[in-house]
Amino acid sequence: MTGRPLTVDVHAHVLLPEIDRAVAGLPGHERQRELDARRNGPAALEVSGPMVAARIPLLTDVDARLAAMDAAGVDVQIVSPSPSHYHYWTGEEAAAEVCRLAADGVAAHIARAPRAAARPGPGAAAPPRPAGRGP
C-alpha cells in the first residue's frame with residue numbers, strides 16, 4: 001500500500017450467464033420477465049438497457065474490472081451476484097441450483113481477481129425450503 005487509506009468499493013456485482021441459462025425456459029420465467037419490464041417501465045428500460053450493456057465487460061471480465069478499479073483508485077471490491085440473478089419465482093430445486101451457480105460463479109470470479117472479495121448474495125444463503133420442512 002502507498003500510505004493512503006485503503007479504498008474499498010462495497011457495492012460491486014458480477015454477471016453470471018450460467019444462471020440465466022439455468023432459468024431460461026422454466027415455468028414462470030417469461031411471466032417474471034414481463035412483470036419486471038412492466039414494473040420498471042419503458043422509460044427506465046430505455047435508459048438502463050444501454051447503460052448495463054456498456055458495463056457488461058466490467059461485470060464479467062476480471063481484467064476489465066481490475067483496470068477500472070485501478071483507474072478509480074479502488075483497492076478492493078466486495079462482489080456479489082447481480083440482482084438480476086435473484087430468481088425468487090423459481091421452485092425449490094431450481095432455486096437451489098441458482099444458489100449453487102451464484103456461489104460457484106462469484107467464487108470463480110474473485111479467484112481470478114485477488115483484489116475482489118465475496119459478499120453474501122443468493123448463493124451465500126441456504127437453498128430455500130418450503131414452510132414447515134425445517135433445516
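Trainee: The side chain of Gln-77 makes a polar contact with the side chain of Arg-65 at 2.6 Å; why is this called a polar contact?
Mentor: The term asks for a pair of N or O atoms within 3.5 Å, where within protein one must be able to donate a hydrogen and the other to accept it, and residues adjacent in sequence count only if both atoms are side-chain atoms; the 2.6 Å between the side chains of Gln-77 and Arg-65 therefore falls inside the limit. The side chain of Gln-77 makes another polar contact, with the side chain of Asp-9, at 3.1 Å. Keep in mind that this is a predicted model, in which local features need pLDDT of at least 70 and side-chain atom pairs count only at pLDDT 80 or more, while totals for chains, interfaces and linings use all residues. Residues are numbered from 1 along each chain as its sequence is written, and side-chain values use heavy atoms, with hydrogens and water left out.

Trainee: What makes Gln-77 buried or exposed?
Mentor: Gln-77 has a relative accessible area of 9%, and since buried means under 20%, exposed over 50% and partly exposed in between (1.4 Å probe, protein chains only), Gln-77 is therefore buried.

Trainee: Which salt bridge does Arg-33 form?
Mentor: The side chain of Arg-33 meets that of Glu-30 at 3.9 Å, N to O, and that value also lies within the limit, so the name applies. Glu-30 is partly exposed, with a relative accessible area of 46%.

Trainee: What links Glu-97, Arg-100 and Asp-104?
Mentor: Glu-97, Arg-100 and Asp-104 are linked in a network of salt bridges, in which the closest N and O atoms of Arg-100 and Asp-104 are 2.8 Å apart. Arg-100 is partly exposed at a relative accessible area of 39%, and Asp-104 is partly exposed at 41%. The structure holds five salt bridges.

Technical notes:
Salt bridge = Lys/Arg side-chain N within 4 Å of Asp/Glu carboxyl O.
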